[in-house]
Amino acid sequence: MILNRLCLAVLLLLCLSVQAKPLDYLEVQLGQLDSKDTVSLADLGTGKPTYIKLWATWCQPCMAQMPHFEALQQEFKDKLNFVAVNININESRAQIDEVIARYKLSMPVLLDNEGQLAQALGLVGTPYSVLVNGDGELVYTSHESDANLERFLGMLAKGQKLHPAATEAMDEAQQQALLAPWLQGERLLFFTATWCDWYLLDTRPEMAKQCKQAQAGLNGLQQRLANRSWHGFVNHLWTDGQALSEFNQLYAMQVPFSVDSGGVLFTEFNIRSIPTLLRLKDGKVTARISDFSDPEAVIRQLSAE
């Protein structure tokens, strides 16, 4: 039986490797604030270079960069497309609208509803600025909003040809290799972030409280359902091995945890709110839980057929 499962896994990976191709970030469908229709970066058209900023309302450095972002929009809007893409994790429309009003943002604001653009661009933390030339090639990325960014914008505005730049994005074969082990059998996967209980404390206190409550109670849930296969994933944004080690020590975690490299599992299972607990059967979600205030209710949901 074990040998058969290993053979199936190997065949799956081989097939995926043959079909592997990079995700085209220009074709990722993004949500619009006032329409149910989606739009892609390619739909911006005109052949102009594009400045993409990935951001979140609860990201303090993002807010610090917004005045400069809008100033650059006013300076270069005739030569470049500008688009603000919210990463759509623990967000609400009201919070996004408040930021637009506060900073008088005049560029299109879109939503990375399923995290696919972030994954395609190799996002490791916000704010993240991405410059794309008129041919659709990514030529510059930065977490800073500084003179160097302005220099590259100026070159693009003047029509200078810039060479494509590398990103941290994985190709499809790498993504599927990370995903494949979790698509077999029955599993309980817990999704959170090493920073959600403290970084969100000022900007999203209720969310920080939920993170702390869920993380503090996870060992208890695992002990109640010790015969199940448990695993935890922390969001890869702003996170490394040291952060995960400190997280495990803080909560004395008995459930094994990994960093979700490249955001592969967050994207596959559409985790747009943390914390979230999934029950999976052969890769299919059979229960999705985000309310951990009543442990008995959580156990009932996880135990239901």
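Guide: Accessible areas come from the Shrake-Rupley method with a 1.4 Å probe, and for residues only the protein chains shown count as cover. Here the accessible surface of the protein chain is about 14900 Å², and 53% of it belongs to carbon and sulfur atoms. One caution: this is a predicted model, where local features need pLDDT of at least 70, side-chain atom pairs count only at pLDDT 80 or more, and totals for chains, interfaces and linings use all residues. Residues are numbered from 1 along each chain as its sequence is written, and side-chain values use heavy atoms, with hydrogens and water left out.

Visitor: How many helices and strands does the protein chain have?
Guide: Helices (H or I, at least four residues) and strands (E, at least two) are DSSP runs, numbered from the N terminus. This chain has 10 helices and 12 strands. Its radius of gyration is 21 Å, close to the 19 Å that the globule rule gives for 305 residues, so the chain is as compact as a globular protein of that length. That radius is taken over C-alpha atoms, and the rule is 2.2 Å times the number of residues to the power 0.38.

Visitor: What percentage of the residues is buried?
Guide: Buried means under 20% relative accessible area, exposed over 50%, and partly exposed in between (1.4 Å probe, protein chains only). Buried residues make up 50% of the 305 in this chain. For one example, Thr 192 lies in strand β8 and is buried, with a relative accessible area of 0%.

Visitor: Is Asp 78 buried or exposed?
Guide: Asp 78 sits in the loop between α2 and β4, and at 67% relative accessibility it counts as exposed. Lys 79 is placed in the loop between α2 (60–76) and β4 (81–86). Leaving out residues up to four places away in sequence, Lys 79 touches Lys 48, Pro 49 and Ala 157.

Visitor: What should I look for in a helix?
Guide: An α-helix has 3.6 residues a turn, so residues three or four places apart point the same way. The expected span is 1.5 Å times one less than the number of residues. Helix α7 (residues 205–224) has 20 residues and reaches 29 Å, close to the expected 28 Å.

Visitor: Where does each helix bend?
Guide: The bend at a residue is the angle between axes fitted to the seven residues ending there and the seven starting there. α7 bends by about 40° at Leu 218. α2 bends by about 40° at Met 66, and a proline, Pro 67, follows within four residues.

Visitor: What do the buried residues of α2 pack against?
Guide: They pack against β3 (50–55), β4, α3 (93–103) and α5 (147–157). Among the buried residues of α2 are Cys 62, Met 66, Phe 69 and Phe 76. In α7, the buried residues include Met 207, Cys 211 and Leu 218.

Technical notes. Contact = heavy atoms within 4.5 Å.
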